[in-house]
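Here is my note on the model you asked me to look over. Have it open beside you while you read.

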Amino acid sequence: MRNPLSKKIVDIQPSGIRKFFDLVSSIPDAISLGVGEPDFDTPWRIREEGIYSLERGRTFYTSNAGLKELKEEIGKYLQRKINVSYDPNSEIIVTVGGSEGIDIALRAMLDPGDEVLIPQPCYVSYLPCTVLADGVPVTIPLKEENEFRLTAEELEAAITPRTKILVLPFPNNPTGAIMTKEDLEPVAELVKKYDLYVLSDEIYSELTYKTEHVSIASLPGMRERTLVINGFSKGFAMTGWRLGYICGPEIITEQMLKIHQFAIMCAPTNSQYAAIEGLRNCEDEVSQMRTSYNQRRRYLLSEFKKIGLKCFEPFGAFYVFPCIKEFGMTSEEFAERFLEEEKVAVVPGTAFGECGEGFVRISYAYSLEDLKEAVGRFERFIERLRISDSQEKQAAGE
Amino acid sequence: MEEMRKQILKYLEKNSRVELGELAVLLDTDEVTIANEMAQMEKEKIICGYHTLIDWDKAGEDHVNALIEVCVKPQRDKGFDKTAERICNYPEVTAVYLTSGGYDLIVTVEGKTLLEVSRFVSGKLSPIEDVISTTTHFILKKYKDHGTLMFRKNKSERMPVTP
């Protein structure tokens with residue numbers, strides 16, 4: 001029989017998280033801090049709207065780009081939140097989660113050999129999606145001393161004549177880093193100088209804790225160079241509804257719509273109706289969730305400080321990214337031993353790129369009670385590591 | 001400070017047993033501020049008490065609650081206050097509200113048995129001079145109380161690790 005597989009797909013590595021997932025699943029009573037989705041249920045009024053829409057028999061396809069009503073609400077929402085206006089009729093596509101946006105954007109914009117700059121650590125799909133779109137991923141390792149923000153120097157050093165797209169994933173998964181307006185401005189200047197486009201993944205835009213989220217699309221001259229990805233998964237706690245959107249200049253959305261049309265058809269109708277309610281009436285619910293995340297964030301950081309664990313203060317998403325280099329093992333070893341010895345799952349930083357080595361991702365999308373229990377175990381674990389470490393040193397000294 | 005007060009109250013309303021140090025971390029302030037604000041709000045009667053929400057059924061205690069609609073003849077100058085304040089004096093009474101609608105007061109009453117509560121209503125509440133009529137509703141099951149679900153929610157089906 002001939003090989004049924006494409007060489008391109010075989011060469012792509014499966015997500016590092018997947019491997020860890022299998023390991024965690026094999027330990028039934030493990031506490032997990034490895035989740036990348038809210039612990040809150042979708043706000044009830046959104047769920048109720050989903051139920052009503054089914055009751056009314058709204059079970060048909062919608063137009064490819066999504067319900068007009070929803071696109072209009074998205075337009076208003078973005079105007080309100082990031083101060084950029086998009087024409088609901090031609091510049092907004094409702095997608096199956098933010099993930100689909102990543103895929104169709106790269107496929108619509110890349111020709112073979114075009115380079116895509118991907119700051120890491122980052123969400124796992126930019127790189128394989130670039131490869132699938134025949135682009136060449138070029139990673140930019142971000143540094144802890146810069147609080148995992150992308151600096152103009154790092155960006156400029158990575159740009160080549162083949163560079164076409166910069167992926168900008170902030171607020172960031174897994175680091176929790178954000179980019180303020182001041183951080184974005186020099187980046188935007190370079191993007192314009194080198195005639196690049198930006199794929200700005202703003203799926204965590206509702207979850208920032210110091211300053212309001214700023215989109216690079218709102219900076220002068222950037223709207224026509226930027227695709228903004230957002231969605232309902234994180235801020236509205238709607239991961240399972242699979243609903244996101246991508247917005248940008250019509251010249252690009254027009255082409256993306258073709259891929260979406262032929263590969264997907266349309267986003268789930270039920271989810272679209274539910275999301276309209278979310279955008280219209282759930283500001284309070286979203287803000288309450290944000291307050292809770294922020295409290296947990298502060299709790300974790302204060303506990304880390306007490307334990308003496310090095311961790312920069314992240315102001316976005318729902319992750320902290322502490323440094324575990326002092327224990328002299330790889331992130332993967334650390335995560336595996338922590339799971340084995342204390343039955344707590346954290347995700348090794350390397351799952352998000354090589355430069356995540358020496359860090360682990362801890363999600364605080366958990367109740368304070370869960371976090372307290374996990375922190376207790378964390379403390380016990382690293383105390384033990386430190387003691388055995390100092391004993392080894394003593395033995396070596398003698 | 002208004003904002004800080006609001007945040008303290010919001011948190012205490014859900015969990016009045018939180019440690020001051022922890023609350024200080026959660027609200028991004030220091031313990032002294034929290035302690036001072038709480039003491040001040042106690043003094044101002046903004047914080048009126050720190051109660052515990054108990055499921056008495058589970059505790060195995062005989063326990064009956066009733067909601068009683070009460071129609072009251074209002075008094076010149078005093079309205080409903082005098083009668084309402086009088087009803088408040090009974091230890092069986094856990095809450096008294098003046099309400100809009102078809103009746104005037106809602107009184108919640110607590111007792112060990114249906115009989116005990118009935119006796120209170122017929123023997124104490126109804127005979128009060130300005131009480132015109134009462135309608136007693138016994139509470140059969142509490143689904144949600146003080147913003148807290150009283151039934152067990154299904155366990156979360158979130159997967160343990162996701163990107």
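The points below go from whole chains to domains, then to helix pairs and a few local details.

1. **Ground rules.** This is a predicted model, where local features need pLDDT of at least 70 and side-chain atom pairs count only at pLDDT 80 or more, while totals for chains, interfaces and linings use all residues. Residues are numbered from 1 along each chain as its sequence is written, and chains are lettered from A and ligands numbered from 1 in the order in which they are written.

2. **Chain A overall.** Chain A has 13 helices and 12 strands. Helices (H or I, at least four residues) and strands (E, at least two) are DSSP runs, numbered from the N terminus. The C-alpha trace spans about 75 × 60 × 50 Å along the principal axes of chain A.

3. **Chain B overall.** Chain B holds 6 helices and 6 strands, and from the N terminus on they run α-α-α-α-β-α-β-β-α-β-β-β. Chain B is more spread out than a compact globule, because its radius of gyration is 21 Å, well over the 15 Å that the globule rule gives for 163 residues. Taken along the principal axes, the C-alpha atoms of chain B fill a box of roughly 65 × 40 × 30 Å.

4. **Domains of chain B.** Chain B splits into domain 1 (2-43) and domain 2 (56-140); domain bounds come from an automatic or database domain assignment. The C-alpha centres of these two domains of chain B are 34 Å apart.

5. **Domains of chain A.** Here domain 1 is written in two pieces, 7-42 + 284-387, and domain 2 is 45-281. Their centres, taken over C-alpha atoms, are separated by 25 Å. The contact between them takes 34 residues from domain 1 of chain A and 36 residues from domain 2 of chain A. (Two residues are in contact if their C-beta atoms, placed from the backbone, lie within 7 Å.) On the domain 1 side, H11 and strand S9 (319-320) of chain A are the elements giving two or more residues, and H11(A) has the largest share, 6 residues. By class, that side divides into 20 nonpolar, 8 polar and 6 charged residues. For the classes, Ala, Val, Leu, Ile, Met, Phe, Trp, Tyr, Cys and Pro count as nonpolar, Asp, Glu, Lys and Arg as charged, and the others, Gly among them, as polar.

6. **Where the chains meet.** How many residues of chain A are in contact with chain B? There are 20 of them, in contact with 9 residues of chain B. Helix H2 (16-25) and helix H11 (283-307) of chain A each supply at least two residues of that side of chain A, and the largest share, 5 residues, comes from H2(A). This side of chain A divides into 11 nonpolar, 7 polar and 2 charged residues.

7. **A roughly parallel helix pair.** The axes of helix H4 (residues 68-82) and helix H10 (residues 269-281) of chain A come within 9 Å and cross at roughly 30°. Axes are lines fitted to C-alpha atoms, for helices over the stretch in contact, and angles run from 0 to 180 degrees between N-to-C directions. H4(A) and H10(A) are therefore roughly parallel (angles under 35 degrees count as roughly parallel, over 145 as roughly antiparallel, 65 to 115 as roughly perpendicular and the rest as oblique). Residues making the contact include A:Leu70, A:Ile74 and A:Tyr77 of H4(A) and A:Ala275, A:Ile276 and A:Leu279 of H10(A).

8. Helix H12 (residues 331-342) and helix H13 (residues 368-397) of chain A have axes that come within 10 Å and cross at roughly 110°, so H12(A) and H13(A) are roughly perpendicular to each other. A:Phe338, A:Glu341 and A:Glu342 of H12(A) meet A:Arg377, A:Arg380 and A:Phe381 of H13(A). That contact has 2 nonpolar, no polar and 4 charged residues.

9. **Backbone details.** A cis peptide bond joins A:Gln120 and A:Pro121, with omega about 0°; A:Pro121 is in the loop between strand S3 (115-120) and helix H6 (126-132) of chain A. The bond from A:Phe170 to A:Pro171 is cis too, with omega near -10°. A:Asp195 has a positive phi of about 55° although it is not a glycine.

Technical notes
The radius of gyration is taken over C-alpha atoms; the globule rule is 2.2 Å times the number of residues to the power 0.38.
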